[in-house]
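Please walk me through the aromatic side chains of this protein. I have the model open in a viewer and want to know what to select at each stop.

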Amino acid sequence: GMEADFAAFGSPLCGEVKRFCRRVRETYREIKEDLTPYKDDRYYRLAPMRLYTLSKRHFVLVFVVFFACFGLTVFIGIAGPNVIETSVARTDLNNSLKLKPFNLSSPPLSTYNQQLWLTCVVELDQHDVSLKKNVNMTVKVLGVVKDGSTPYVNNQVHNRTRLLSCAQKCSEIIVAHLGYLNYTQYNIFVSFEDLYKLTYTIQNITFTWKTYNPTFSQVEIWFRFVFVVLTFMVTCLFAHSLRKFSMRDWGIEQKWMSILLPLLLLYNGTYPFFPLSFLVNSWFPGMLDDLFQSLFLCALLLFWLCVYHGIRVQGERKCLTFYLPKFFIVGLLWLASVTLGIWQTVNEVRDPTYQYRVDTGNFQGMKIFFLVVATTYILYLLFLIVRACSELRNMPYVDLRLKFLTALTFVVLVSSIVILYLRFGAQVLQDNFVAELSTHYQNYIFLSFYGLLNFYLYTLAFVYSPSKNALYESQLKDNPAFSMLNDSDDDVIYGSDYEEMPLQNGQAIRAKYKEESDSD
């Protein structure tokens, strides 16, 4: 009887020991898995993305919706008002040998006109003349006050040398540019000293006023306001979809989206700065607007570098080796563009006839510097893309992330290049390097650029956010009770992102998920 008793006592004990051993073995396997992940495995230890669950049909649909929305903004642009309003200033040449000063009065202006340009074109008697000659130009700018008195905008006469170049037709000379409008009307006195020394007879000199179309300014305010509201909604939805996942579980794309979306908010509206520029007669809101726009564009450039590099080196992102070179390259681009913008603004406030292309000796150097840095960036990005694609080609999930980002980004870059080409024409590579007022400045180009960047980020936010039942799936796959039912090693585990995971077996995080879902 004693043996029977012992056997009866032994079987539960044996069972306990076996169960304990199994639990120890499981815990050991879990710890080992967490400490030394398989190269493929660590890619799955991320907050899930909707990207993983989309079928081919869904992908096609995502691209179709993206193109439809982008097409809509282009259509609104084409149907909308023109950007630039031109009016010819009266000029009469009495064929006198000495060209007397021209006194030109601008059309009445409001803050919705944003800026004012005065340009002039010289017409010669002979049309097949090829001519390049420096001419001296004297300009005096007066602002007209409501009671009719005319104080100086800045109390001086500006002397400038401008190049008159003619081939069949003479090119346009920019006489003065006012970046913001303090007065409702301007009088500008212009005189040319050397023109009468030309060997050719001057038939006519035509002066033209150019300003932003007030209707377009209003369209622009509404257009940007709509995008501010949309971006705010997308940002909130994106943050809401990720609220259940600890930040260290976010994938690198999800982390970047949480930086880019708030910056897109500033890019769109710079609210209240952009509308403020219509209420306040100052160059400051306009400059802030430019600052935020360049900040967003450079963050986007940085995002591409970091994602294509970071997706390849998941666990070992050292600040010095990983982020510093990227920040350096993009920082130089940002600095160059901002310096150029602020330099032009500050000088124009002081002197309306100032043009950095013509009046800065260093402009050529600045241009070369900008092109060198941009080329370095492009080569670095191409290198990262090629390496990522060749190394991760056969990894499930990761190649999907790569393919999608590359396809969408390629579409956006090609569209941007087309837009820039339409905006500047072939002059991009000549001296019209940075936004000079050109006749190419069409409405649809401006609006389509906004639409393109906004819909690009909305699409990325959509595919990188977890789907509704993602947390439930990830808990199911992580829960030890369920994992016994389908205990397969190659199960996709959405545990913790290995990048910054402290050395623990993920139990703490699981407990936290449980608490959160219970509290829900």
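**A tour of the aromatic rings**

Select K326 and F322 to begin: the charged end of K326 sits 4.3 Å from the centre of the F322 ring, over that ring. Keep in mind that this is a predicted model.

Next, select K140 and F189. Here K140 lies over the face of F189, and the distance to the ring centre is 5.2 Å.

Now turn to rings that pair with rings. The structure holds 17 aromatic pairs. Show W304 and Y456: their ring centres are 6.3 Å apart and their planes stand at 65 degrees, so this pair is edge-to-face, the term used for angles over 60 degrees. The two residues come from distant parts of the chain, with W304 in helix 6 (residues 284–310) and Y456 in helix 11 (residues 443–464), 152 residues apart. Are these residues buried or exposed? W304 has a relative accessible area of 4% and is buried; Y456, at 0%, is buried as well.

Move on to Y323 and F327. Their ring centres lie 6.4 Å apart with the planes at 50 degrees, so the pair counts as tilted. Both residues belong to helix 7 (residues 319–350), where they are 4 residues apart, about one turn of the helix. Colour them by accessibility: Y323 is partly exposed at 25% relative accessibility, and F327 is partly exposed at 49%.

For the last stop, select F223, F227, F455 and Y458 together. These residues form one aromatic cluster.

Terms used. Residues numbered from 1 in each chain as written. Predicted model: local features only at pLDDT ≥ 70, side-chain atom pairs only at ≥ 80, totals over all residues. Heavy atoms only, no water. Phe/Tyr/Trp six-rings, centres within 6.5 Å; stacked < 30°, edge-to-face > 60°. Buried < 20%, exposed > 50% of the residue type's maximum accessible area, 1.4 Å probe, protein only. Lys NZ or Arg CZ within 6 Å of the ring centre and 35° of its normal.
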